[in-house]
Amino acid sequence: MPVVVSQIELLGFKSFALPTRLVFPEGLTAIVGPNGCGKSNIVDAIRWVLGEQRPSVLRCETMEQLIFNGSRALKPLGMAEVSLRLENVGGLFPIDLPQVVLTRRLYRNGESEYLLNGVPCRLRDFQELLLDSGLAPHSYSVIELKMVEELLSGRVEERRRLLEEAAGVSKYKLRQREAQRRLSEVRLELQRLEDLLAELRQRVHQLEQQAEQARQYRRWESELHRLQQQYLALLWHTAQKQLDSLAASAEQLRSERTALEQQLERLREGIPQQQVQYAQLRQQVDTLHQRAEEHKQRIQELRERLVALEERIQLARQSHERLDQERGQIQREREELEQQHALLLRRLQEHEAALQQLQERSADVQRRAESLRQERQRWQQQHEPLRQELRRWQQRHDELRIQCERLQAQLEQLHNRRAQLDEELATLEQHLHQQRELLAAAEGDVHTAAQALEQLQQRLQQQNAHSMAIAEELAEQHHRLAQCQQELLAVQTQREGLEALEQQHELVQYLRQHHPELGAQTVAELVRLPEELRNAFAAAAAPLLEAVLIAHLPSQEFPAHVRTAIRAGELLLPRGEESALEPIRAEGVRGWLVELVHMPPAVASALTALLGRVLVVDNLAVGRALLEQCRADAVVTLAGEFLHRCGLFRWRDGANPWVGRLQRLQELQAREAELQALQQQLDARIRQLQQEHHHATTVLEQLQRERHQAEQHQQQAHARVEALRLQLQMLETTLQQRQLQREALQKEHSTLEERLHHLRAEYHRCGETLEQLRRQRAELEQQLEQLQPAFEAALEQSRQHELEQTRAQYELENLRAQLQQLRNRLQQLAQRWEALERDSLQAEELLERQRQQQQELQQQLQQREHEYAELYQQYSQSLAELEQCAAELQRSQRQHEALLEQLHTLSQRLHQVELEQQHARLQADHAAGQLSEQFGLLPEQVELPAPPPSAEQLQQRIRTYSRRLASLGTVNFRALEEFEEHSQRLQFLESQWRDLREAERALLQAIEQAQQAAVERFRQTFGQVRRNFQRLFRLLFEDGDEADIRLTSEQVLEADIEIIAKPRGKRPQSIEQLSGGEKTLVAIAFLFALYLVKPSPFCILDEIDAPLDDANIERFMRMLRSFEESTQFVLITHNRRTMEAVDALYGVTTQPEGVSKVVAVRLRAPASV
C-alpha cells in the first residue's frame, strides 16, 4: 500500500530539543537505539499530534512536561511542536486534498494550538477528520508491549475498545453519551423543580396560618404593655419608700464612725517612737549576726580546702605508683615484639622465592593457550560469514514460498471482491438518489416550522409583557392595601386608647352617670391647640388638666355627695370672662398662652386666676428677662419648661393624652372613615386585577404549550434534516470509496500476476544456492571439533597456575602487613616509655608543694575559730534587748488593729447602707426611665388599681403574656400578599415541570434507538473478528491448534470478551499459562483479526517482538509482509533479526547528553524475509 504517514517533524517535544525530521518510505520501517535515548518519544509525539489528551498515555503527569526542560548544553524551551504529514490515499480522509498536515503546539502557559494544513482549527476538527480512519487516539494504530499484555490479561476494557473501534460503534456511543448528558441535566432540573415545588407548597400553607397569628399578637401585646406600666410604677413607689428609711440609718452610722476615728488618732502618735527604737536595735543585731556568719563561712571554706588538699595528696601518691607499674609492663612487651619481628623476616624471604618460581611456570602455560585460541578464532571467523549467508538464503527461500502462496490466494480474493463492488455501486447510486429527494422535502418542513415558531414567539412576548404589567399593578395595589390596613389599625388603636381614657376618670364617670344635666367634661379634652403647643400647655396648665368643667353647681349638698363617692377631684365652675391682654412684641415671644390655645372662657379665666398672665417663649432666657421686667406672671417654652415669677419651675417630657382629646378623637374618626372607603376601593380593584391576571396567565400558558410544540416540531425537522444529510454524506463517501477501491483492485490484480511469475523463478534459484552453502558449513564444523579438546586442556592448566600464583601473592602481602604492624607497635612503646618518665618526675614535685599548703591552712583555721567565739557572745546580748522592745511595740499595734477593725466594720455597714440607697435610687430611676422610654409616661401618671397588686402577681401576669407572645414566634404581617405571590409562582413552576417530563421521555427514546444500532453493529463485527482470529491463529501456530473468542453474556455491549488459545500439545486453563512469546503471538493474531475487518492504514509496533525467539520472529515478520500492501508499519525494536528484515532503519542517539538525535542507518536494503 502507498505511504499514509510520510513524514513527522519534532521541535521541543520531550528530548527532541532541536528540529528533527523523519521520512517514512514504503515498506517496513524500524527505529532502534539504546534504552533511554528517546525512541518511545517519537511514538508519544505521533499519539499527541493525533489528538491524545491523557497525560498518563504520554508517560507524563502534566502536559507541560512534554516541553523540553533543558540539559547541560541547552536551555529549556517555551514551546513543543509536532507536525505529521498524512497522504490522502484512496480518499482515506473526508477532505479534497492529496496531503493533510496536522500540527499541534503547546506553550508553557498551558495554551494549545491546532493547525490543519497551516490553518488554525479546533481539536474537534482533528477528531472528526480521523474518525473511522483507524488513526484515532483510541484505535490500534499504536501497539505497545504493555498493551499486548493488557490485551491478554484480565482487563477486558482494552479488548472491548479495540472491537468497538473496528465495529464503528463509537459514534453511536457518542450520541448516547450526549443524550445521557442532556437527560441528566433534564433530571437535575426536574429534581430542582420538585424540591422548589415541595418547598413552595409548604410555604403557601404556612402563610395561611401566619395571618391569624398577627391578629392574636396585637391583642396580647396591648395587654402586656398595660401590665408592664403598672409593674414599673409599683417598683418606683417601693424604691422611694426604701430611700427614706435608709437615709436615717446612714446618718447614725456616720456619727459612730467619727468617735472611733478620734480615738485611733491618739494611739497612732505613740507608735512611731517605739518603731524608731526597735529599728536601731534591729540594725545592731543584724550587723553582729552578719559578721559572725562571715567568720563562720571563712572557717568552713578553710576546712573544705584542707579536705580537698588531702585528697589531692592521696591521688598524687596513687598516680606515682601507677606510673611505675606501667613502665614494667612496657619493658616486657618490647622484648616479646623484637622476637616476633625476627621470625617474620625469615618467613617473608622464603615466600618471595616461591612466588618467583610460580610466575615463570604460569607465563609458559599462557603462551601455549594463546596460540591455540588464535588458531580456533581463525576457523570461527571463516565459519560465521558462511552461517549468516546460509541463514539469509534459507529465510529468503521460505519467504518466496509463502509469498507465492499468498499472492495466489490474493488473486482469487481480488476477483471475488471486484464482483461484489460492482453490485454495491449500483445499489449505492439508487440509495443516493432517494436520499436527495427526502432531504429536499425535510428542508422545506424546517423552513415552515421556523416561520411558525417566530410568529408564536412574538405573540408570547406580547402576552408576557401584558401579564407582567398586570402583575406589577397587582403587587402595587396589594402594597397600598397593606399600608392602608396598617394605618387603619393604627388609627383604630389610637381612637380606642382615647376612648378608654374616659373610663379611667372616676369623677367624670360619676357625674355623667348621676348628674348628666351638668355636661361634665375634663378641661384638657375641651382644648384645641396646634401640635407644637402640646408640651407647653401641659406644663403650664398642669393643675387644671384633669379638672372637670360643669355648667353650674346644682345645690349646696352637691360637693359633699361628690366627695363621699369620689375621694379626690377638681371641679371648675363657669365665671365671667377676663379682659383682653395687651400683646407683647419682642424677639423670642410667641404670644399669650390663652390667646394661642382655643379653650372655653371658663378654662381661660381659671388658668389666668391661678397662674396669672402666661407667655409662650422660645427659651427660658427670654422668659426670665420678661419676668424681671414684670411684663408677665409666668413663661412657658415649647419644650414644656414652665417658670413662674414666684420661683416655681416645672417641666413636662411628653404630652398629656387628655390634652385636645375631643379634637383628636374627631380627627381620628374622620380618618378612619376615609381609610375604610379606600380599603373597599382597593379590594375591588385587586379582585378585578386578579381576574385579569388569571386570564392572562391562562393565555400565556396556552401560548407556551403551542411554542413548546412548535419547538419540538422544529427540532424533529432539524433532526431529520441532519440525519438525512449525514446519511447522504455517508452514501457519497461510500460510493466514492467503492469506486476508488474498484480501480485499485484492477491495478492490484495486474501487479500481483506479474510479481507471482518473478517470485517462482527466484524461488528455484534460491534452492540451488542453499544446497551449496550447506555442504561448505559441514566441512568447517568438522575442523573446529578437532581443535576444541587441545584448547580446553590448555585453558584448564592456565587457570590452575593463576590460582596458585594468587594464593602465594596473598600470603606474601599478609606477612608484610604483620611485619609493619610490629614495627609500628615498637615505636609506640618507645614513645610511651619517655612520656612515663616525664610524668613521674612531675608527680613527685607536685606532692611536695601540696604538703606545704596543708600546714599553712591549719594555722589560719585556728585563728578564725577564736574570733568567731567573741562575736557570738556580743550578738546574744543585743538579741535579748531587741526582743523586749518588740514585745512593747506589738502590744501597741494590737490595740491599733482592734480599733481599725471596729472602724472597718462601721465603714462596711455604712457602705452597705449607701449601696442599698444607690440600688434603690437606680431601681427608681430605672423604672421611671423604662416608663418614659417605652410608654412616654411618668410614674405619677400611672394609676394603680385599688388595692394595688403585688410585684410578684404583676410579674406572673407579664410572664404569662410574654410566653403567649413568644409561643406565636415570628409574626409575618405581609402573609396575605406573600400568599398571592407564591401561588402564582407555584402555577408557573408546575407548567415547567410538565415540559421537562416530556423532554425526558423524548431523550429516553433517542437513547434506546442508539443502543439498538450499536448492538447490531457490534454483533456483526464480532462474528467477523472471531472467524479471522481462528484462521490467523492457525497460520501463526499449527493447523491443528485451537483458538476462539467468546462473549460471557447476552448483553454484548457490557459482556466480557474471553480469548481462548490452546496450542498443540498444551491444554492451558487460561492464557496466563502461556509463555511470553505465545501470548504475544495470540495478541498479534487478535489485532490482525481486527485489521481484516477494518484495516488500519498506519500502525506502530513498540517493542512487541521482545518476547519472541528467532523462529517466532520469522513468523511474525512474514505476517507483517503479508499485510504490507494495505498497512504501513513502523517498528520500535531491539531485536537484531527484526532490524535485518526491515526496509528502512533509523537510529536514535543522545548526543549531546539529554538531547535526542535521529540518524538514518539504512533507508533501503532487504526486500525479503
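# A tour of the predicted model

Among the contacts in the chain with a separation of 6 or more, 75% are between residues 24 or more positions apart. Keep the whole chain on screen for a start. This is a predicted model, and its secondary structure comes to 18 helices and 22 strands. The chain has 1169 residues, of which 39% count as buried.

Colour the chain by confidence. The average pLDDT is 76, and 88% of the residues score at least 70. Then select residues 1165-1169, where the pLDDT is below 50. Beyond near neighbours in sequence, this stretch has 17 contacts in the model.

**Stop 1**

Show the side chains of Phe, Tyr and Trp. How many aromatic pairs does a search of the whole structure find? The search finds four. One of the pairs is Phe13 with Trp48, with 5.5 Å from centre to centre and 35° between the planes, a tilted arrangement. Phe13 sits in the loop between strand E1 (5-11) and strand E2 (20-23), while Trp48 belongs to helix H1 (residues 39-49). The pair links distant parts of the chain, 35 residues apart. Both Phe13 and Trp48 are buried.

Select Lys14 next, in the loop between E1 and E2. Its phi is near 50°, a positive value in a residue other than glycine. Most residues other than glycine have a negative phi. Is Lys14 buried or exposed? Lys14 has a relative accessible area of 12%, and the cut-off for buried is under 20%, so Lys14 is buried.

**Stop 1: Thr29**

Go to strand E3 (residues 29-32), where Thr29 is found. The relative accessible area of Thr29 is 0%, so this residue is buried. Which residues is Thr29 in contact with, leaving aside its neighbours within four places in sequence? They are Phe24, Phe1129, Val1130, Leu1131, Ala1144 and Tyr1146. Select these together with Thr29 to see the surroundings of the residue.

**Stop 2: the cysteines**

Select the cysteines. The structure holds zero disulfides. Look at Cys37, which is buried with a relative accessible area of 1%. Cys484 also counts as buried, at 3% relative accessibility.

**Stop 3: Tyr114 and Phe126**

Return to the aromatic rings and select Tyr114 and Phe126. They form an edge-to-face pair, with 5.4 Å between the centres and 80° between the planes. Tyr114 lies in strand E6 (residues 112-116) and Phe126 in helix H2 (residues 123-130), so the pair ties together parts that are 12 residues apart in sequence. Tyr114 is buried, and Phe126 is buried too.

**Stop 4: Ser141**

Move on to the loop between H2 and strand E8 (142-144), which holds Ser141. This serine has 3% relative accessibility, so it counts as buried. Ser141 and Leu1101 are 960 residues apart along the chain, yet their C-alpha atoms are separated by 8.5 Å. Leaving aside neighbours within four places in sequence, the contacts of Ser141 include Gly134, Leu135 and Ala136. Ser1096, Phe1098, Cys1099 and Ile1100 are also among the residues in contact with Ser141.

**Stop 5: helix H16**

Select residues 1076-1093, which make up helix H16.

**Stop 6: Glu1103 and helix H17**

Select Glu1103, in the loop between strand E19 (1098-1102) and H17. Glu1103 is not a glycine, but it has a positive phi of about 60°. With 23% relative accessibility, Glu1103 counts as partly exposed.

Follow the chain to helix H17 (residues 1110-1122). At the start of H17, a side-chain oxygen of Asp1109 reaches to within 2.9 Å of the backbone nitrogen of Asn1112. The 13 residues of H17 should span 18 Å at 1.5 Å a residue; the end C-alpha atoms are 19 Å apart, which agrees. Show the side chains of this helix to finish. The buried residues in H17 include Asn1112, Ile1113, Phe1116 and Met1117. Met1119, Leu1120, Arg1121 and Ser1122 are buried as well.

Note on methods. Residues are numbered from 1 along each chain as its sequence is written. Side-chain values use heavy atoms; hydrogens and water are left out. pLDDT is the predictor's confidence in each residue, from 0 to 100. Contact means heavy atoms within 4.5 Å. Helices (H or I, at least four residues) and strands (E, at least two) are DSSP runs, numbered from the N terminus. The expected span of a helix is 1.5 Å times one less than its number of residues. Buried means under 20% relative accessible area, exposed over 50%, partly exposed in between (1.4 Å probe, protein chains only). A polar contact is a pair of N or O atoms within 3.5 Å; within protein, one must be able to donate a hydrogen and the other to accept it, and residues adjacent in sequence count only if both atoms are side-chain atoms. Rings of Phe, Tyr and Trp (its six-membered ring) pair if their centres lie within 6.5 Å; planes under 30 degrees apart count as stacked, over 60 as edge-to-face and the rest as tilted. A disulfide is a pair of cysteine sulfur atoms within 2.5 Å.
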